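Me: I would like to learn how to read a structure of this kind, one feature at a time. Please put it up and start with a single residue.

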Amino acid sequence: MLKVDHITKYYGEICAVNQLSFSLKEGEIFGLLGANGAGKTTTFRMILSLLEPTSGKVTLNGKKIDYSVMESLGYLPEERSLLTKLTVEEQILYYGKLKGMKEEIILKRLDEYLLKFGLLNDKRRKIKELSKGNQQKIQFISSIIHEPKLLILDEPFTGLDPINVKQFKEVIYDLKKRGCMIIFSSHQMEHIEEFCEKLVILVKGNVVLSGDLKEIKKAYEKMNIFIRGDVKVEDIQKIDGVLEVITVGGEILVRVKNEQIVPAVFQVVKKRDIRKFVVEEASLNEIFIDKVGEVL
Ligand code: ATP
């Protein structure tokens, strides 16, 4: 279990992270969200013991994270840090050996991952000759080749096309199944929504929202109704509890204060010729914009 216990980091006068706490069990995926400069990288560096917190502590299975547990950690940084003159095989051998692995095991796992990512024929090519997306795959393989217990993925999908994103996701799910704890940051909320059971939203180092994704969505009462048909927007706007009505591509999106407002909207539109009336909970993207906007 990973326990992040009230960690705070000051850079001089600047408070980059303020009293952040969360915990993670084996096989859980955790989302760390925040706008630019929110404190995500600082948090990752404190968890990995690359940076000492000003106060608070981080423990993995009850022990402070130090050199003795480095072999159980994996980190995919936002910026690529590959040795581009090396071949794919040389690069992964280098990382694997740093993590204390035997050469034959590194080579076996490398072949499995390269096969999965469609890169088996590139094993002896220099990293610099690969496309950016393929370099990202090699960086990813280097962060997981040793089967870490705790994996930190900082914006893992940046620059990847949808097919590559799908391949990455399959590998991430597989790691989860094997009990790996995964912390992941992304500006793309749909990825967080798809993956993370728990999350924290940071704004200027402060926690503005944290907890279980399902509960966060339940507690956030605003809902969206999508309507298609011959409907008068003005009639809907008049309803008490309707926050916003937007017309997008022939469809009307009605934002309402809570679930109780939905029947009132239905009452108004049911007399008209409607082809669609779908009620959905707010997306994480909307919750993020709402919560982050409130405090900026
Ligand atoms: P981004 O999404 O832009 O990468 P982030 O959420 O990772 O941002 P951090 O890089 O952790 O945010 O930065 C948090 C705050 O701490 C920012 O105000 C940043 O300017 C400041 N900061 C980060 N590193 C240092 C440093 N070495 N010295 C001084 N201030 C720093």
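Reply: Thr42 is buried, with a relative accessible area of 9%; buried means under 20% relative accessible area, exposed over 50%, and partly exposed in between (1.4 Å probe, protein chains only). This is a predicted model, in which local features need pLDDT of at least 70 and side-chain atom pairs count only at pLDDT 80 or more, while totals for chains, interfaces and linings use all residues. Residues are numbered from 1 along each chain as its sequence is written, and side-chain values use heavy atoms, with hydrogens and water left out.

Me: Where is Thr42 placed, and what is Thr42 in contact with?

Reply: Thr42 sits in helix H1 (residues 40-47). Helices (H or I, at least four residues) and strands (E, at least two) are DSSP runs, numbered from the N terminus. Contact means heavy atoms within 4.5 Å. Leaving aside neighbours within four places in sequence, Thr42 is in contact with Lys9, Tyr11, Ala16, Val17 and Leu51.

Me: How should I read a nonpolar core, and which residues of the largest one touch the most other members?

Reply: In soluble globular proteins, nonpolar side chains tend to be buried together. A nonpolar core here is a set of buried Ala, Val, Leu, Ile, Met, Phe, Trp, Tyr and Cys residues joined through side-chain atoms within 4.5 Å. The largest has 49 residues, of which Ile138, Phe140, Ile141 and Ile182 touch the most other members. Helix H5 (residues 162-177) gives the most to this core, with five residues. A second, separate core of 26 residues includes Val17, Phe44, Met46 and Met181.

Me: How far apart are the end C-alpha atoms of H5, and which of its residues are buried?

Reply: The expected span of a helix is 1.5 Å times one less than its number of residues. The 16 residues of H5 should therefore span 22 Å, and its end C-alpha atoms are 22 Å apart, which agrees. Its buried residues are Asn164, Val165, Gln167, Phe168, Lys169, Val171, Ile172 and Leu175. Among the elements that cover them are helix H3 (103-116), helix H4 (132-144) and strand S8 (181-185).

Me: How many disulfides does a search of the whole structure find?

Reply: A disulfide is a pair of cysteine sulfur atoms within 2.5 Å. The search finds zero. For Cys180, the nearest cysteine sulfur is that of Cys196, 13 Å away. Cys180 counts as buried, at 3% relative accessibility.

Me: How many salt bridges are found, and what does Glu251 pair with?

Reply: A salt bridge is a side-chain nitrogen of Lys or Arg within 4 Å of a carboxyl oxygen of Asp or Glu. The whole structure has 24. Glu251 meets Arg228 in one of them (3.1 Å, N to O). Glu251 lies in strand S13 (residues 251-256) and Arg228 in strand S11 (residues 223-229), so the pair ties together parts that are 23 residues apart in sequence. Glu251 also forms a salt bridge with Lys276, the closest N and O atoms being 3.1 Å apart. Lys276 is in strand S14 (residues 274-281), 25 residues from Glu251. Glu251 is buried, with a relative accessible area of 14%, whereas Arg228 is partly exposed at 30%.
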